[in-house]
Amino acid sequence: MPAGDSDEDFGFVGRTRVVSMIVDRDPDGPFLEKDKGPVGNRTPSGLLWGHELNELFFIPRDPGIPGYVTMWSRSMLKILGERYDELEKKHWQKVPLVSPRIIRPWPVLKLPIDHPAQIDPPFGAIDEGCEFEHSECMLYRIRADGHFNGRPKLLSKKVPSRCPSDSSTPCTGRLIRNDSPDDSGPTLQGLPYEFFWCEHFRAELEGKSHDDIADLVAKTVYAMSESSVIADRIGVRLFKKGAVPDPSSASYATSTPSTSQEKHVDSEAAEAMDLDMTGEKPAANLFSTKGLPKLEEAIPEAFLPDILLVHDPDRTTHHASDPNEPIKYRRVVYPVPQLGVEGASGVKTAENEGSQSPTDYVLPPRDSEAEERVAHLHLKQENRLGQGNHSFVYQAPLTLPSPLSAYSPTGQVTVAAKLAFPRYSAHALLHNEARAYSAFPEHAQHEYCGYNIIPPCYFPVPVVPIAPKFYGFYLPVDKDGKFVDELALHEKEHRRYSGGESGRVPWISPILLMEECGEPVKPHKFTMDQRTECFSLILRLHELGITQNSFYVRNILIQPGPLSMPPSMRSFKTPSFRIIDFGRARVLTYLLADVKETDPDKRKEAYQCVARQLHSEMHEEEKQARDQLLLEFCQF
C-alpha cells in the first residue's frame with residue numbers, strides 16, 4: 001500500500017487478500033516505464049500473477065519518488081535483477097519460484113491408463129496440490145475405487161509424469177515402469193525395481209559425487225507425492241505398510257510408510273464419490289441422477305460426442321416422435337473469426353470478413369475414417385434445475401462416448417442441458433450463447449493456482465474459471481442425417497419477431513451442454529473478498545472482448561469448493577463462482593466480422609466505432625456489476 005494512505009482509503013478493511021508490501025528500489029535503478037517491464041510468470045490471460053499473496057507488491061517506477069508506484073510480481077523482479085537475492089532471502093526463503101498450473105477438478109472421468117488416446121495428466125489423476133504438482137517427477141495418483149469386505153475404499157494407482165527435457169529424445173516419463181521384474185535383473189534391497197529412472201535423469205546424475213547424487217535422488221523422491229518409497233541412482237521401489245527398509249541399505253533415499261493410499265470413507269463420502277456402500281450393482285435407471293457425479297472436468301475435443309442420442313419421453317425438446325425412441329442430434333461448432341494485424345487504432349482487424357449470423361455453424365473437424373463418437377442424454381421433467389426468460393435447464397445423466405466412462409454405478413455423469421422455449425427469439429438466443437462459448441479460450445474455463453491482479457481492481461483474486469465448462473452445442477437431425485434447423489430456414493422471419501407469444505414455433509429445441517455450477521449468489525452474505533472475486537469474473541470477461549449483457553445475481557452461481565477435493569470435503573467457506581447465461585452476449589471478434597465495409601479507411605473507422613461502442617457497454621456493465629454485488633464502497 002502506498003505510503004500515506006490509510007486502510008479505509010484503499011478498502012483494506014475486512015479483507016484478507018491484499019497487497020501491502022512495497023519494494024525499495026536501488027537508487028541507481030532504471031525508470032520502470034508503463035507496459036514495458038518484464039512479463040514474468042503469468043496465466044494464459046496475460047494478467048499479472050503471483051503464486052502467493054506476498055509475491056505481488058508495489059514498486060516505485062522512479063527510485064527517487066517512493067510514492068509513484070506500480071504493481072509487480074516476484075518473477076518480474078527476478079528478471080529485472082534489482083535486489084532480488086536480498087528480497088528472496090527476506091520474503092521467499094526456501095519457497096521455489098513457480099509458474100501457474102491448472103488445478104484439476106476431482107476426477108470423475110476414466111479411461112484405461114494404457115489406452116492409446118490417454119492424455120497427460122491422465123484421466124482420473126487426482127490433483128495433489130502445488131507442493132507436488134509443480135514437480136517435474138511426481139507420480140500421478142489415479143482413482144481406482146473399489147469394494148473390500150463390503151466397505152468402500154478410495155484407492156489409487158501410480159502413473160509417472162513426463163519429465164521436461166531439452167534433449168532431441170522425447171521423455172516418456174521421469175520413471176519408467178519395470179515391465180519384467182525378476183530376480184535375474186538389478187535389485188534394490190534384494191527385490192526387483194518397480195521403476196527405473198529415465199535416461200534424462202540418469203544423465204543428470206552422471207559425473208556427480210556420491211553425496212550430490214544422494215541429495216538429488218532424495219529431492220526427487222520427495223517430489224513424488226509418494227511417501228512409501230526407496231530409491232537409488234538406478235531406480236525406485238515402493239514398499240507397503242510395515243515393510244520398513246533396511247537402514248544399512250545402500251539406497252540413497254527412503255521415506256516413512258503411509259496409509260494415504262487406502263483411505264476409508266464414510267457413507268456420505270462414499271455417496272459423494274459415487275460408491276455403493278453395499279457393493280451391489282444398482283438397478284440401471286438411466287434417467288435417475290441419484291449417485292451420479294457432476295461432470296466438472298473438461299472433455300478434450302477428441303472425446304466430445306459427434307452424435308447425441310436424446311432419450312426424451314416427456315418431450316422436453318418439443319419433439320413429436322415416438323417418446324420411447326431417442327432423438328438424434330449432431331454436434332456443431334461456431335468458427336471464431338481470426339483476427340489480423342493490430343492497426344494504429346489499437347483495434348485488431350478481422351481477416352475473414354463477412355456477416356456472421358446465428359446460423360453460421362459448421363461440423364467440427366474429424367477423421368473421416370474414424371467411427372463417430374456417440375453419447376446418450378436422458379431428459380426428464382422431474383430433473384429440471386431452473387427456468388430463465390428463454391430456456392429451461394435440466395440436470396441430465398450423460399452416457400459418454402466409448403471408451404470414456406466415469407466413476408459411477410452406471411458409468412454416467414450429470415451435466416446441465418439447456419433447451420430453448422418454443423419461440424423464435426429463444427432459439428436465436430440459444431444459438432448466440434453457443435457462439436459465445438465458442439469464443440471462450442480454453443483457459444477461461446480452467447482454474448489456476450495463485451492470484452491475478454485485474455485492473456481497475458488492485459486486490460488479488462484467485463484465478464478461477466469465468467464460465468461453466470462447455471460440452472458442445474447439438475442440433476436435431478432427420479433420418480437422412482440432415483439438420484432439422486428451422487431457425488436457419490426462417491432466419492429472416494425470425495428477425496421480425498420480438499419474441500412474444502406471437503413468435504411461438506413448433507420446432508425441436510437445440511441442446512447446449514455445460515457444467516452444472518450451483519445456485520445464484522447472495523452478495524449480502526459475502527465477505528468483501530468474495531464480492532471482489534465475483535466482480536473479477538466480469539473484468540476478465542471484458543479482457544476477452546466479451547460482454548454478458550445480463551449481469552444480475554441470478555446469473556452468477558456459487559457452489560462449495562475447492563473443486564479439486566471430493567464433494568464431501570468441500571465447503572462454502574471456499575466457494576467457487578461462475579457467470580452463466582450468455583444468450584445476449586456480444587463478442588468483439590464476431591462484431592468486427594459483421595463489418596461489411598470494403599474501403600480500407602472506412603473499414604478501419606467502422607472497426608474503431610465497434611470497439612468504442614463495446615467499450616462503452618463494458619463500462620456500463622461494470623457499473624451494473626458493482627451495484628448487483630454491493631461493491632459501491634469497495635474503493636477501486
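These legends go with close-up views of a predicted model. Local features need pLDDT of at least 70 and side-chain atom pairs count only at pLDDT 80 or more, while totals for chains, interfaces and linings use all residues. Residues are numbered from 1 along each chain as its sequence is written, and side-chain values use heavy atoms, with hydrogens and water left out.

**View A. Helix 10 against helix 12.** Helix 10 (residues 528-543) packs with helix 12 (residues 600-628) at about 170 degrees, axes 10 Å apart; helices here are DSSP runs of H or I with at least four residues, strands are E runs of at least two, both numbered from the N terminus. Axes are lines fitted to C-alpha atoms over the stretch in contact for helices, with angles from 0 to 180 degrees between N-to-C directions. That makes the two helices roughly antiparallel (a label for angles over 145 degrees). On the helix 10 side sit Phe 535, Ile 538, Leu 539 and His 542, meeting Met 618, Glu 621, Glu 622, Ala 625 and Arg 626 of helix 12 (contact is heavy atoms within 4.5 Å).

View B. Two bridges tie strand 32 to strand 34 (residues 556-561), and Glu 519 has Ile 558 as its bridge partner in strand 34.

Technical notes. Parallel < 35°, antiparallel > 145°, perpendicular 65-115°, else oblique. Pairing = 2+ DSSP bridges.
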